[in-house]
Amino acid sequence: MFYNFINFLTFQMGWWLFALKFNPGEMLLPFAFTSLLLLIHFLLVAHEDEWLLVGLVAGIGYVADSTFALAGGFKFKEYHYDFFAPLWLLGMWVFFSFFFNNSLKWVFNGMIRAGFLGFIFGPLAYWMMSAQLRKFELAEPLEYWLTIYGVMWAGLMLIFIGLQRKLMS
């Protein structure tokens with residue numbers, strides 16, 4: 001229980017580091033923090049197949065967000081590559097993939113719950129980063145793109161449940 005609490009706190013710290021510091025010149029701290037936490041976790045408590053799970057979830061999530069951006073769902077400020085989302089977004093996916101098997105594991109106890117929470121909180125996180133932090137712009141009409149993003153996140157959660165159950169059993 002204590003480890004899950006610490007795990008959740010570090011997840012929040014990492015998410016906010018990437019959310020607030022993702023200009024190219026400001027990426028050292030978030031990536032160093034991520035690397036240190038991953039190293040500690042994998043040396044002390046990780047399941048042997050967790051490296052593969054982290055890599056697959058982070059890669060799938062990053063490709064999904066890159067595809068969403070390529071489709072016009074959002075436009076990143078001060079980032080002009082057409083085919084890939086910025087690296088700070090990959091960092092967020094690494095953080096998410098690392099923590100969902102620990103402190104966020106309760107989300108994956110049921111497929112309906114995971115899909116529902118993905119549908120609600122996936123778009124909410126990106127709306128917050130767009131509307132509140134103004135780090136990128138969501139496309140208009142906003143309701144349309146947030147709904148598509150919610151469906152994407154719900155589907156991703158179901159894929160991630162399958163990966164977690166297959167690799168961590």
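Trainee: In which helix does Thr34 lie?
Mentor: This model is predicted: local features need pLDDT of at least 70, side-chain atom pairs count only at pLDDT 80 or more, and totals for chains, interfaces and linings use all residues. Residues are numbered from 1 along each chain as its sequence is written, and side-chain values use heavy atoms, leaving out hydrogens and water. Helices (H or I, at least four residues) and strands (E, at least two) are DSSP runs, numbered from the N terminus. Thr34 lies within residues 28-44, and that run is helix 2.

Trainee: Why does Thr34 count as buried?
Mentor: Buried means under 20% relative accessible area, exposed means over 50%, and partly exposed is in between (1.4 Å probe, protein chains only). Thr34 counts as buried because its relative accessibility is 6%.

Trainee: Which residues is Thr34 in contact with, leaving aside neighbours within four places in sequence?
Mentor: Contact means heavy atoms within 4.5 Å. Phe18 is 16 residues from Thr34 along the chain, with a C-alpha separation of 9.8 Å. The contacts of Thr34 are Phe18, Val94 and Phe95.

Trainee: Val94 is in contact with which residues, leaving aside neighbours within four places in sequence?
Mentor: The place of Val94 is in helix 4. Val94 is buried, at 18% relative accessibility. Val54 sits 40 residues away in sequence, yet 6.6 Å away in space, C-alpha to C-alpha. Val94 is in contact with Thr34, Leu38, Val54 and Ala58.

Trainee: What separates the C-alpha atoms of Gly91 and Thr34?
Mentor: Gly91 is also found in helix 4, and it counts as buried at 1% relative accessibility. Beyond four places in sequence, Gly91 touches Phe18 and Phe31. Gly91 and Thr34 are 57 residues apart along the chain, but their C-alpha atoms are separated by 7.6 Å.

Trainee: Where is Asn101 found, and how far in space is it from Gln164, C-alpha to C-alpha?
Mentor: Asn101 is found in the loop between helix 4 and helix 5. Not counting residues up to four places away, Asn101 touches Glu50, Leu53, Gln164 and Met168. Gln164 is 63 residues from Asn101 in sequence, and the C-alpha distance is 7.5 Å.

Trainee: Is Gln164 buried or exposed?
Mentor: The place of Gln164 is in helix 6. Beyond four places in sequence, its contacts include Leu53, Phe100 and Asn101. Because its relative accessibility is 7%, Gln164 counts as buried.

Trainee: Which helix gives the most to the lining of the largest pocket?
Mentor: On a 1 Å grid over the protein atoms alone, a pocket is an open set of points where a 1.4 Å probe fits, with protein on both sides within 12 Å along at least five of seven lines; lining residues have an atom within 4 Å of a point. The largest pocket has a volume of about 660 Å³, a volume being the space filled by probe spheres set on points joined across faces, edges and corners. Of its 23 lining residues, the closest to the centre are Phe11, Phe96, Leu104, Phe121 and Ala125. Helix 1 (2-20), helix 4 (87-100), helix 5 and helix 6 (142-167) each give two or more, and the most, 9 residues, come from helix 5.

Trainee: Which helix supplies the largest share of the nonpolar patch?
Mentor: Patch residues have over 30% relative accessible area and no salt bridge; like charges are joined within 9 Å, and nonpolar side chains (Val, Leu, Ile, Met, Phe, Trp, Tyr) within 5 Å. A salt bridge is a side-chain nitrogen of Lys or Arg within 4 Å of a carboxyl oxygen of Asp or Glu. Here Phe116, Phe119, Ile120, Phe121, Leu124, Trp127 and Val151 form the patch, with about 650 Å² of accessible area together. The largest share, 6 residues, comes from helix 5.

Trainee: What relative accessible area makes Phe119 partly exposed?
Mentor: Phe119 lies in helix 5 and belongs to the nonpolar patch. Phe119 is partly exposed because its relative accessible area is 34%.

Trainee: Which peptide bond is cis?
Mentor: Look in the loop between strand 2 (136-138) and helix 6, where Pro141 lies. Omega is near -5° for the bond from Glu140 to Pro141.

Conventions. Areas by Shrake-Rupley, 256 points an atom, 1.4 Å probe, with all protein chains shown as cover.
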